[in-house]
Amino acid sequence: GIWRLATAEDAVTLEVTGNDLMQFSTKELKVKSGQKVTLKLKHTGLLTKAAMGHNVVILQAGVVMAGFATKCMTAAATDYLPEDEETKKQILAATKMLGGGEETEITFTAPAAGEYAFLCTFPGHFAIMNGKLIVE
Ligand code: CU
C-alpha cells in the first residue's frame, strides 16, 4: 500500500443547530469517505429537553427511518434512543439529547461512499428534523 501522513484534509468539522421550532439548520451534510468527522450540535432554543429535545442520529445504510423513529418513541428512559444491541447496529453515530442552550459534539470516521439518513429521535420530530449525510 501507499503510506502518507494524516493531514488537515483528513478531518472535517460540521455544525448543526436545532431550534424551538423543531428545525435543524441543514438537511444535508457532506464528507469524504475515511475523513475524521467532528459533528457539533447546538440547541439554540430555550425550551427544555423534556419539551423540545434534539439529537442527531445518523443511521447505517438501509435502515428505514420511520421504523427506527417509531421504536425510539418508547425509549424515554434513555432519551429516546434504545440501547439494545440491535439498535446499536443500526446507528452510525449519535449525539446525546439536548435541551435549549446546550451543545455537544461527537467524532466518527466517515464510512463508505453513499447516503446515510440522519434524524432527531425525540417523539414526533423526525418527520421534519431529518436529512442526509452524503459521503463522497
Ligand atoms: Cu428534535
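Biologist: Which protein donors does the copper ion have?
Modeller: They are G53 (O), H54 (ND1), C120 (SG) and H125 (ND1), lying 2.1 to 2.7 Å from the copper ion. Donors are N, O and S atoms within 2.8 Å of the metal (3.2 Å for Na, K and Ca), and water is not among the atoms, so sites may look incomplete. Please note that this is a predicted model, in which local features need pLDDT of at least 70 and side-chain atom pairs count only at pLDDT 80 or more, while totals for chains, interfaces and linings use all residues. Residues are numbered from 1 along each chain as its sequence is written, and side-chain values use heavy atoms, leaving out hydrogens and water.

Biologist: How are the donor residues spaced in sequence?
Modeller: The spacing is G-H-x65-C-x4-H. Helices (H or I, at least four residues) and strands (E, at least two) are DSSP runs, numbered from the N terminus.

Biologist: Are H54 and C120 buried or exposed?
Modeller: Both H54 and C120 are buried. Buried means under 20% relative accessible area, exposed over 50%, and partly exposed in between (1.4 Å probe, protein chains only).

Biologist: How many disulfides does the structure hold?
Modeller: It holds 0 disulfides, a disulfide being a pair of cysteine sulfur atoms within 2.5 Å. The closest cysteine sulfur to that of C72 is in C120, and at 9.6 Å it is too far for a bond. C72 counts as buried because its relative accessibility is 0%.

Biologist: Now the helix: which residues of α2 are buried?
Modeller: In α2 (residues 65-73), M65, F68, A69 and C72 are buried. Seen down the axis of α2, these buried residues fall within an arc of 95°, so they line one face of the helix. The arc is that of the directions from the helix axis to the C-beta atoms.

Biologist: And what covers the buried residues of α2?
Modeller: The cover includes β4, α3 (85-90), β5 (91-94), β7 and β8, where contact means heavy atoms within 4.5 Å.

Biologist: Which residues touch the most other members in the largest nonpolar core?
Modeller: Of its 24 residues, these are F24, L39, V56, I58, F108 and L133. A nonpolar core is a set of buried Ala, Val, Leu, Ile, Met, Phe, Trp, Tyr and Cys residues joined through side-chain atoms within 4.5 Å. The largest share of this core, 3 residues, comes from β3 (36-43). Another core, of 10 residues, lies apart from it and has A69, C72, L81 and L119 among its members.

Biologist: Where does T95 lie, and what does it touch?
Modeller: T95 lies in the loop between β5 and β6 (103-109). Not counting residues up to four places away in sequence, T95 touches L39, L41, N55, V56, T104 and I106. T95 counts as buried because its relative accessibility is 4%.

Biologist: Last one: what is the phi of D79?
Modeller: D79 has a positive phi of about 55° although it is not a glycine. D79 is in the loop between α2 and α3 and is partly exposed, with a relative accessible area of 28%.
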